[in-house]
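This briefing concerns the structure shown below. It is arranged by topic for reading alongside the sequence.

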Amino acid sequence: METDNQKDLKYILKNRLYISSKLLIKLKLAHAIFVNNSPEFVNFIVKKGDNITVDFELLEKKENKKRFIDKFAKVDKKLDILFEDEYLLIVNKPANMPIHPSCDNYDNTLSNIVASYLEKQNIYYIHILTRLDKNTTGICIFAKHEYVQELFTKRKDFIDFKKKYIGIAYGIIKKDHGMIEANIARKKNTIILREVNETGDFAKTEYTVLKRNIEKNYTVLEIILHTGRTHQIRVHMSYLGHPLLGDELYGREANIYNNLGDIDRQALHCKEISFNHPITEKRITIKASIPDDIQKLI
């Protein structure tokens, strides 16, 4: 840009390429910043016509000595890949699979499978962009590079991330459409449970009724997240008085469907996402088919 003439390189990298201070330090140590094909320090003054290059491959080669993949047990399971390019990997997560390893589940996680898959592409780090609860199914996004992960945060307004779910709620919801705006906080004396609490973070959930099953007393919903708090949909639906079927944490009444064998998890599936690609800037829409247990209820 014309206004960038005579600015230092650090300014350009942080304000035009959206590189964080943390990543900038790594790039400097790897000598991965170039102007007109020559390595330069970040105090270099940029002139009109200068060609700035950031060599992330060089950074990765330097960092491979600390391979992040070594933190994950190797798990060669098939991934349900919905989209992949050189920057992103988008997969459909099954039920009964957590995102992260834990002390009681070291290898049966999505991160283990993705890490093993990406190692075959000589990618040794995984960067999780979207998370789902262990028993929520649907779309999860991984970035193949730290810089791509940062762009989702730094260019949040441009990326314009949208997320749609299918959820099945206990009871008959009378309104065809509704908006739940209620702050969510961690529940006192627990590390897992959340609750609606005015001291918490702002949370907004939108729902549209797709179908009502009067006989079996449940409502099928399309749900749109406008914020991304932990357990947000589950907490908000319970707050509304209509917890998700099978939700063991937030819906005692809804668990009758678990006992009847209709569904053995919370009835929630991330079915569609759309966003502007952080590198190509093209609008991307990804859909994941609805799993059998939820489809049967629908």
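In this predicted model, buried residues account for 47% of the 298 residues in the protein chain. The C-alpha trace of the chain spans about 70 × 40 × 40 Å along its principal axes.

**Overall organisation**

- The protein chain contains nine helices and 15 strands.
- Of the contacts between residues at least 6 apart in sequence, 64% join residues at least 24 apart.

**Nonpolar cores**

- In soluble globular proteins, nonpolar side chains tend to be buried together.
- The largest nonpolar core here has 46 residues, and Leu110 and Phe275 are the members that touch the most others in it.
- Leaving aside residues up to four places away in sequence, Leu110 touches Leu79, Val91, Lys93, Met97, Pro98, Ile99, Cys140 and Phe142.

**Packing of helices α2 and α5**

- Helix α2 covers residues 21-29 and helix α5 covers residues 146-154; their axes come within 11 Å and cross at roughly 155 degrees.
- Because angles over 145 degrees count as roughly antiparallel, α2 is roughly antiparallel to α5.
- The α2 and α5 crossing is left-handed.
- On the α2 side, Lys22, Leu23 and Lys26 take part in the contact, meeting Glu146, Tyr147 and Glu150 of α5.
- Sorted by class, this contact of α2 with α5 comprises four charged residues, two nonpolar residues and no polar residues.

Terms used:
Residues are numbered from 1 along each chain as its sequence is written. This is a predicted model: local features need pLDDT of at least 70, side-chain atom pairs count only at pLDDT 80 or more; totals for chains, interfaces and linings use all residues. Side-chain values use heavy atoms; hydrogens and water are left out. Axes are lines fitted to C-alpha atoms, for helices over the stretch in contact, and angles run from 0 to 180 degrees between N-to-C directions. Helices (H or I, at least four residues) and strands (E, at least two) are DSSP runs, numbered from the N terminus. Angles under 35 degrees count as roughly parallel, over 145 as roughly antiparallel, 65 to 115 as roughly perpendicular and the rest as oblique. A crossing is left-handed if the near helix is turned anticlockwise from the far one by less than a right angle, and right-handed if clockwise. Contact means heavy atoms within 4.5 Å. Ala, Val, Leu, Ile, Met, Phe, Trp, Tyr, Cys and Pro count as nonpolar, Asp, Glu, Lys and Arg as charged, and the others, Gly among them, as polar. A nonpolar core is a set of buried Ala, Val, Leu, Ile, Met, Phe, Trp, Tyr and Cys residues joined through side-chain atoms within 4.5 Å. Buried means under 20% relative accessible area, exposed over 50%, partly exposed in between (1.4 Å probe, protein chains only).
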